[in-house]
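Take a look at the protein shown here. Keep the sequence beside the 3D view as you read.

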Amino acid sequence: MSTTEILRTVTEIAVAEIGLPESVLLPDADLRGMAGVDSVRVLRMIARIERRYDIELDDQDVFGTSTLAEVAAVVDKMLREAA
């Protein structure tokens with residue numbers, strides 16, 4: 001699975017969980033600075049990503065990311081390590 005595919009899926013999940021349109025949730029946009037994005041929504045997004053890929057992300061990785069591209073990179077890393 002490519003990083004591009006992972007980013008696409010992460011973005012789809014973010015749109016559903018955060019409630020902002022894809023046009024706003026760009027790969028390099030800082031989620032922490034967006035209006036309406038709170039920690040509960042981000043944690044729901046992360047939980048859904050973990051279920052989708054059957055992985056468990058480290059808290060350090062989760063809280064160290066602020067963009068969808070960074071989240072996708074962490075997911076990609078976890079999937080490669082699990083293979």
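The report below goes from the overall fold to salt bridges, surface charge and distances.

## About the model

This is a predicted model, in which local features need pLDDT of at least 70 and side-chain atom pairs count only at pLDDT 80 or more, while totals for chains, interfaces and linings use all residues. Residues are numbered from 1 along each chain as its sequence is written, and side-chain values use heavy atoms, with hydrogens and water left out.

## Overall fold

The protein has four helices and zero strands. From the N terminus, the order is α-α-α-α. Helices (H or I, at least four residues) and strands (E, at least two) are DSSP runs, numbered from the N terminus.

A compact globule of 83 residues would have a radius of gyration near 12 Å, and the protein agrees, with 12 Å. That radius is taken over C-alpha atoms, and the globule rule is 2.2 Å times the number of residues to the power 0.38. Along the principal axes, the C-alpha atoms fill a box of roughly 35 × 25 × 20 Å. Of the 83 residues, 40% count as buried. Buried means under 20% relative accessible area, exposed means over 50%, and partly exposed lies in between (1.4 Å probe, protein chains only).

## Two salt bridges

How many salt bridges does a search of the whole structure find? The search finds two. A salt bridge is a side-chain nitrogen of Lys or Arg within 4 Å of a carboxyl oxygen of Asp or Glu. One joins the side chains of Arg-48 and Glu-17, at 3.1 Å from N to O. Arg-48 lies in helix α2 and Glu-17 in helix α1 (residues 3-18), so this pair ties together parts that are 31 residues apart in sequence. Arg-48 is partly exposed, at 31% relative accessibility.

The side chains of Asp-76 and Arg-80 also meet in a salt bridge, at 3.0 Å from N to O. These two residues are four apart in helix α4 (residues 68-82), so about one helical turn separates them. Arg-80 is exposed, at 56%.

## A negative patch and a loop

Glu-56, Asp-58, Asp-59 and Glu-81 form a negative surface patch. Patches are made of residues with over 30% relative accessible area and no salt bridge; like charges are joined within 9 Å, and nonpolar side chains (Val, Leu, Ile, Met, Phe, Trp, Tyr) within 5 Å. Asp and Glu count as negative, Lys and Arg as positive; His and the chain ends are not counted.

Asp-58 sits in the loop between α2 (39-53) and α3 (59-63). Asp-58 is partly exposed, with a relative accessible area of 43%. Asp-54 is also placed in the loop between α2 and α3. Its phi is near 55 degrees, a positive value in a residue other than glycine. Asp-54 is exposed, with a relative accessible area of 71%.

## Distances across the chain

Glu-70 is in helix α4 and is partly exposed, at 33% relative accessible area. Glu-70 and Asp-28 are 42 residues apart in sequence, and their C-alpha atoms are 8.0 Å apart in space.

Leu-43 belongs to helix α2. Leu-43 is partly exposed, with a relative accessible area of 43%. Its C-alpha atom is separated by 17 Å from that of Ala-73, 30 residues apart along the chain.

Terms used: Accessible areas come from the Shrake-Rupley method with a 1.4 Å probe; for residues, only the protein chains shown count as cover. The place of a charge is taken as NZ of Lys, CZ of Arg, CG of Asp or CD of Glu.
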